[in-house]
Amino acid sequence: MRILQLHSNYIVYKPVEKEINIAEDAAKEETKVDEVVVLFTAIEEGDNAAMAQKAINDARAFLGKIKANRILIYPFAHLSSNLSQPSQALAIIKDMEAYAKEKGIDTFRAPFGWNKQFTISIKGHPLAEQARSYAPQAAAAAPQEGAPCEAKKEEEPVSAALKAEDTMKSYWHILQTDGSLVPIEEYKFKGKSNLQKFSQYEIKKTRAVTQMPPHVPLMKRLEIADYEPGSDPGNVRWYPKGRMIKSLLESYVSQRVAQYGGMEVETPIMYDFHHPSLSSYLNRFPARQYVLKSEDKELFLRFAACFGQFLMAHDAQFSYKQMPVKLYELTRYSFRREKSGEVVGLKRLRAFTMPDCHAFCVDLEQAKKEFNIRFDLCISVLDDIGLVKDDYEIAMRFTKDFYAENKEFIASIVAKFGKPILAEVWNERFFYFALKWDLNFVDNQDKAAALSTDQIDVENAKRYGIQYVDEKGEKQYPLILHCSPSGALERDIYALLEKAYREQMKGNSPMLPLWLSPTQVRLIPISDKFLDKVEAIAQQISAKCIRVDIDDSSATLQKKIREAEQEWIPYIIVVGEKEIESGTLSVRIRELKGKQEAMTAEQLIAAVQAKIAGKPFKPLPLPMYLSKRPVFHG
RNA sequence: GCCUUCGUAGCCUAGCCCGGUGGGGCGUUACCUUGGUAAGGUAAUGGUCGCGGGUCCAAAUCCCGCCGAAGGCUCCA
């Protein structure tokens with residue numbers, strides 16, 4: 001059974017013609033029902049009375065939520081390609097009607113078996129349109145989270161939703177490293193528990209424990225970021241340490257994209273709601289936008305870099321000789337007005353920073369080649385950020401046909417990755433991309449969050465009028481690759497904190513990668529007497545682009561060490577008479593669970609430099625002396 | 001948007017069920033302590049108990065409304 005449920009201001013319908021001989025009797029007159037939840041209903045093979053009751057119960061629950069009590073059961077065959085016998089369908093429709101009346105719902109019903117015409121006015125609120133399916137193997141559409149810019153086909157809302165029902169049915173498989181597809185029910189997840197968790201999350205949306213995600217108290221305690229009650233939910237404040245971490249990530253990802261050949265640009269963060277290229281599908285999703293009014297204009301805040309880059313590419317002139325043309329922007333910020341209940345810590349924000357790199361390619365061959373290069377780029381960037389293959393799972397999404405025609409290509413990517421991945425297969429292409437992959441971090445609550453992603457867009461060049469000149473001097477539409485090599489940077493920090501927490505649970509010392517640690521080396525003088533000498537050591541180390549600070553507070557030595565450990569500082573050095581006289585430092589190394597090793601300042605510098613080679617550097621974001629620092633979080 | 005839970009000092013939190021002077025810890029400040037690898041001592045500081053209304057002799061506590069937050073649901077272009 002399939003039901004499209006629409007909360008409507010009104011519906012007017014009129015039976016036009018009998019379509020089947022068992023059609024019910026009805027007058028060919030208009031009927032108008034106001035303030036009603038319309039249930040367009042298709043009865044499928046195998047449906048029964050129990051299902052009818054279930055459907056009505058769900059509708060009742062919905063009525064409760066929206067504080068309404070009127071439904072119209074509207075037989076609507078076009079929702080399914082697997083309809084039951086008409087006689088049976090009519091019986092079930094009548095069951096639904098009788099049960100609904102029994103439950104005290106103000107129930108209307110449109111006649112069965114007629115070709116009807118109707119006009120409907122749908123309420124704009126977020127819950128107004130819902131589709132439900134009671135087929136035994138009903139599968140929901142996958143979330144398209146993390147995608148840089150998703151646009152749907154421009155069609156009437158109702159028919160688009162119906163089409164979605166038809167074509168968006170997902171078939172889930174595990175794509176093995178040899179390129180073969182195994183239906184998910186048949187796959188043995190032995191030893192691949194993260195993949196299993198991720199698959200569960202994608203398919204069933206199972207929600208496990210009720211608990212605050214561990215990274216939230218961590219981001220506060222480490223003075224990285226915090227909620228900002230004075231803003232909108234999901235717009236966070238960044239303390240000096242967090243700002244430095246984020247800034248390093250920004251520099252690093254931009255540097256890697258530049259090396260890859262991306263040309264960095266900057267585009268506006270707000271766009272005209274009524275621009276012809278943009279307005280067509282935005283109107284359908286006003287609830288997700290930040291909208292602002294400026295004089296007589298309506299503007300929306302971008303949710304990805306696509307708009308600016310596409311408008312720029314539209315006006316640019318380029319030929320196959322320059323392609324692939326790669327544009328890059330670090331969006332600070334992208335805005336998505338996620339529902340208040342969906343915003344969580346650094347995992348899901350309303351304003352976030354996302355690197356977004358588009359490559360305009362001449363054809364599928366070139367796109368595939370580029371896709372491959374960018375796949376390696378993504379994996380490598382995340383690896384340097386501190387997230388490795390054990391930390392995430394990959395999903396790839398494509399149509400049956402695309403798989404059939406590009407099997408070797410897809411197989412080569414999985415083989416390169418070296419781990420099985422989740423595959424979502426559609427019968428028909430519904431989204432604008434032909435192929436998409438996304439990389440998903442699995443957190444301590446067994447929830448997944450998309451980081452890197454890339455996709456081959458086959459539609460937007462036309463939509464935005466982006467053209468290149470081919471060998472014959474003719475204009476052609478390019479394919480567009482959309483890639484975010486790291487995903488949202490806030491989300492990378494979320495993943496790093498969640499990973500650190502997991503390490504802690506395993507009994508290891510949680511920490512951030514050395515190049516991202518706000519303080520890399522902490523010096524603790526045993527007494528004020530040594531402050532001058534300690535500062536000399538600090539100058540020596542910091543001259544080599546290493547972030548070093550000095551705990552000159554009046555706390556005891558033990559307490560200073562404890563506090564340094566709680567700040568996850570990688571190297572802690574107590575300096576007293578022994579060290580100053582011998583020149584040998586006793587370095588407490590966090591990575592080795594606090595083991596102390598003797599080394600000179602030069603040796604320490606060399607060791608740190610070796611570990612952070614190739615990474616950007618920012619100086620200490622706070623005063624070197626701890627006594628000069630304000631406390632940002634109790 | 002719905003449901004649930006929660007709003008007490010910069011931070012964490014007790015007290016609320018069963019109404020009667022709001023308690024502790026961290027931090028901060030001062031003084032003592034200058035200590036050799038995960039919490040030294042003493043004192044001071046800091047509260048429209050989220051906001052508004054009601055009940056009551058009396059409200060942090062009970063009732064109603066509102067605001068905010070978190071989690072869940074739904075949703076996620």
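Biologist: Why is Ala59 called buried?
Modeller: Ala59 has 1% relative accessibility. Buried means under 20% relative accessible area, exposed over 50%, partly exposed in between (1.4 Å probe, protein chains only). So Ala59 counts as buried.

Biologist: What is the basis of these values?
Modeller: This is a predicted model, where local features need pLDDT of at least 70, side-chain atom pairs count only at pLDDT 80 or more, and totals for chains, interfaces and linings use all residues. Residues are numbered from 1 along each chain as its sequence is written, chains are lettered from A and ligands numbered from 1 in the order written, and side-chain values use heavy atoms, without hydrogens or water.

Biologist: Where is Ala59 found, and how far in space is Ala59 from Gln5?
Modeller: Ala59 is in helix α1, residues 49-66. A helix is a DSSP run of H or I with at least four residues; a strand is a run of E with at least two; both are numbered from the N terminus. Ala59 and Gln5 are 54 residues apart in sequence, yet their C-alpha atoms are 8.3 Å apart.

Biologist: What share of chain A is buried, and how many helices and strands does chain A have?
Modeller: Of its 634 residues, 53% are buried. Chain A has 17 helices and 28 strands. Among contacts (heavy atoms within 4.5 Å) with a separation of 6 or more, 77% join residues 24 or more positions apart.

Biologist: What makes β12 and β14 a pair?
Modeller: Pairing takes at least two DSSP bridges. Three bridges join β12 (residues 270-272) to β14 (residues 297-301), and the strands run antiparallel. Asp272 stands opposite Leu299 in β14.

Biologist: How many bridges link β13 and β14, and what lies between these strands?
Modeller: Four bridges, again antiparallel, link β13 (residues 291-294) and β14. Ser294 faces Lys297 in β14. The two strands form a hairpin with two residues between them, and Glu295 in the turn has a positive phi of about 50 degrees.

Biologist: What makes a space a cavity, and how many of 30 Å³ or more does the search find?
Modeller: On a 1 Å grid over the protein atoms alone, a 1.4 Å probe fits at a cavity's points but cannot get out. The whole structure has three cavities of 30 Å³ or more.

Biologist: Which residues line the largest cavity?
Modeller: Lining residues have an atom within 4 Å of a point. They include Leu222, Lys241, Pro518 and Trp568. Domain 2 (171-496) and domain 3 (514-628) each supply at least three lining residues.

Terms used: 1 Å grid on protein atoms, 1.4 Å probe; cavity = no way out; pocket = protein on both sides within 12 Å on 5 of 7 lines; lining within 4 Å. Points joined across faces, edges and corners; volume = space filled by probe spheres on them. Domains from an automatic or database assignment.
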